[in-house]
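User: I would like to learn how to read a protein model feature by feature, beginning with a single residue. Could you guide me through it?

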Amino acid sequence: MTTTIRQDDVIQSVADALQFISCYHPKDFLDAMHEAWEREESPAAKDAMAQILVNSRLCAEGRRPICQDTGIVTVFVDVGMDVQWDADMGLENMINAGVAKAYSDPGNPLRASVLRDPAGLRQNTGDNTPAVIHVRVVPGNEVHFKVAAKGGGSEAKSRFAMLNPSDDIAEWVISQLPTMGAGWCPPGVIGIGVGGTAERSMQLAKEACMESIDIHELQARGAQTALEALRLDLFERINQLGIGAQGLGGLTTVLDVKIRDYPTHAANKPVALIPNCAANRHVHFSLDGSGVAELPVPRLEDWPAVTWEVGENTRRVNLDTITHEEIAQWQPGETLLLSGTLLTGRDAAHARIRQYLAEGKPLPVDFRGKFIYYVGPVDPVRDEKVGPAGPTTATRMDKFTDLMLSETGIAGMIGKAERSADTVEVIRQHGSVYLIAVGGAAYLVSRAIRQARVVGFEDLGMEAIHEFVVEDMPVTVAVSSDGQSVHKQGPEKWQAHIAGIPITVDA
């Protein structure tokens, strides 16, 4: 039977789906994260997962984005061969119209992060279009959509290898995880694609990320295929690495490992690895000609009753009076609550600061003695001072760190994930410090921001320099002023603990 799909139904359904996944975690993810939180022994990792879960509930209640990076949209579409269209636009244009509508929704504006001319001017398209779209024509009279919004931090950690046929897939995957660092915001899901050609394996890995979390059911019934056996093996071995939530060291690094395969050439074994971060944004729906897609109705009782509280030994810090002597007392893994004035800046702002300094131009703001927060916030709505404002991956700013510490006089930095060994040494030489906020807890972080205004490079949009006034913003000392890194110490300690070597589990 032929089905007619209307253009407006596609546009509205895509827009609804993107708004939906910006605010609501899938239940399977909530259940898996809660289970991991309950059994976690690492205090730092448990605290990070608690913040992720509390943030998730706040976003569901307030209908605000889980993460400030609201992603680049990926859509897989299966079009039934018996479908007709009531449309004057092509399917890709319909989908992109839905993306633009979702990202400019005045009730919940999403951050536009997509840039045109990526090898040149890198100009923001303004509405997060175009999406990355994969279309297949299949038997049937419906159109099935898988819609995801993939954060840049996790996408940046994707890996690909053209292995030899005799090479071990699991060994290659295990070799990659430590090199990925924490910029993909673990714990999350690892998607793996095996076979086909280079581009096909990457597509398989991306689609695998959109599957439901069911590793515990697989563990209970046992593997029945080679791929299921590989999933179980990788799940156990990745978690034995001790990387843990946010790379702080702990029992859970992945919540599931999903694998898809495709026949390949006898001379090849292409393998792709794509991590999905703690935002885990995806939803599936079908259009059958009856109207706009019906999405699952979230129930607040699906969110676990997890609370996040400040520890009694937490150090409170006044950013407006901070001294190098105080900074020198902070220990790796220690939790701080920051109050006072922060400045923000990420990739584009740092590049322009470097240009201004090289040309002898005055900077738009005085950085001396200030902390710089690597963030590109979402626009505020209603009574918000700023929208969700979680950290971006600090590693991208490593090449600017010596310049910023030497030439602008910043006191320290705040971001997420690890710093390179060279950058840790630069931090030590300057007696500076690097702090981390929890990636995946952007709305929770934004509630600590009492005032916000743009103070420099306004034309850069979300990458402009903002001034935030914060109150009790939670952060963790990641690199202390003497060059100790929690991202090195934590995983090493917890890998030993998991292996049965006695340790003191205080970080």
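User: At what relative accessibility does Thr4 stand, and what does it count as?

Analyst: A residue is called buried when its relative accessible area is under 20%, exposed when it is over 50%, and partly exposed in between, using a 1.4 Å probe and protein chains only. Thr4 has a relative accessibility of 36% and therefore counts as partly exposed. Please keep in mind that this is a predicted model, in which local features need pLDDT of at least 70 and side-chain atom pairs count only at pLDDT 80 or more, while totals for chains, interfaces and linings use all residues. Residues are numbered from 1 along each chain as its sequence is written, and side-chain values use heavy atoms, with hydrogens and water left out.

User: Where is the place of Thr4, and which residues does Thr4 touch?

Analyst: Helices (H or I, at least four residues) and strands (E, at least two) are DSSP runs that are numbered from the N terminus. Thr4 belongs to strand S1, which covers residues 3–6. Contact means heavy atoms within 4.5 Å, and, if residues up to four places away in sequence are not counted, Thr4 touches Gln84, Trp85, Asp86 and Gly289.

User: How many aromatic pairs does the structure hold?

Analyst: Rings of Phe, Tyr and Trp (its six-membered ring) pair if their centres lie within 6.5 Å, and planes under 30 degrees apart count as stacked, over 60 as edge-to-face and the rest as tilted. The structure holds five such aromatic pairs. One of them joins Tyr24 and Trp303, which are edge-to-face at 6.5 Å centre to centre with 65 degrees between the planes. Tyr24 lies in the loop between helix H1 (7–23) and helix H2 (27–39), and Trp303 in the loop between strand S12 (282–287) and strand S13 (315–318), so the pair ties together parts that are 279 residues apart in sequence. Both Tyr24 and Trp303 are buried, and ring pairs link Phe20, Tyr24 and Trp303 into a cluster.

User: At what angle do helix H11 and helix H12 pack?

Analyst: Axes are lines fitted to C-alpha atoms, for helices over the stretch in contact, and the angle between N-to-C directions runs from 0 to 180 degrees. Angles under 35 degrees count as roughly parallel, over 145 as roughly antiparallel, 65 to 115 as roughly perpendicular and the rest as oblique. Helix H11 (residues 347–359) and helix H12 (residues 398–408) pack at about 55 degrees with their axes 11 Å apart, and they are therefore oblique to each other. Residues of H11 including Asp347, His350 and Leu357 meet residues of H12, among them Phe400 and Glu407.

User: At what angle do H6 and helix H9 pack?

Analyst: H6 and H9 (residues 226–239) pack at about 30 degrees with their axes 10 Å apart, and they are therefore roughly parallel to each other. In H6, residues including Ile169, Val173 and Leu177 meet residues of H9, among them Leu230 and Ile238.

User: Which residues are joined by a cis peptide bond?

Analyst: Here one reads the omega angle of the bond. Thr129 and Pro130 are joined by a cis peptide bond with omega of about 0 degrees, and Pro130 is in the loop between strand S5 (123–124) and strand S6 (132–138). Pro186 and Pro187 are also joined by a cis peptide bond, with omega of about 5 degrees, and Pro187 lies in the loop between helix H6 (169–180) and strand S9 (188–195).

User: Is Asn280 buried or exposed?

Analyst: Asn280 is buried, with a relative accessible area of 1%, and it has a positive phi of about 50 degrees although it is not a glycine. Asp117 also has a positive phi, near 55 degrees, but Asp117 is partly exposed, with a relative accessible area of 38%.
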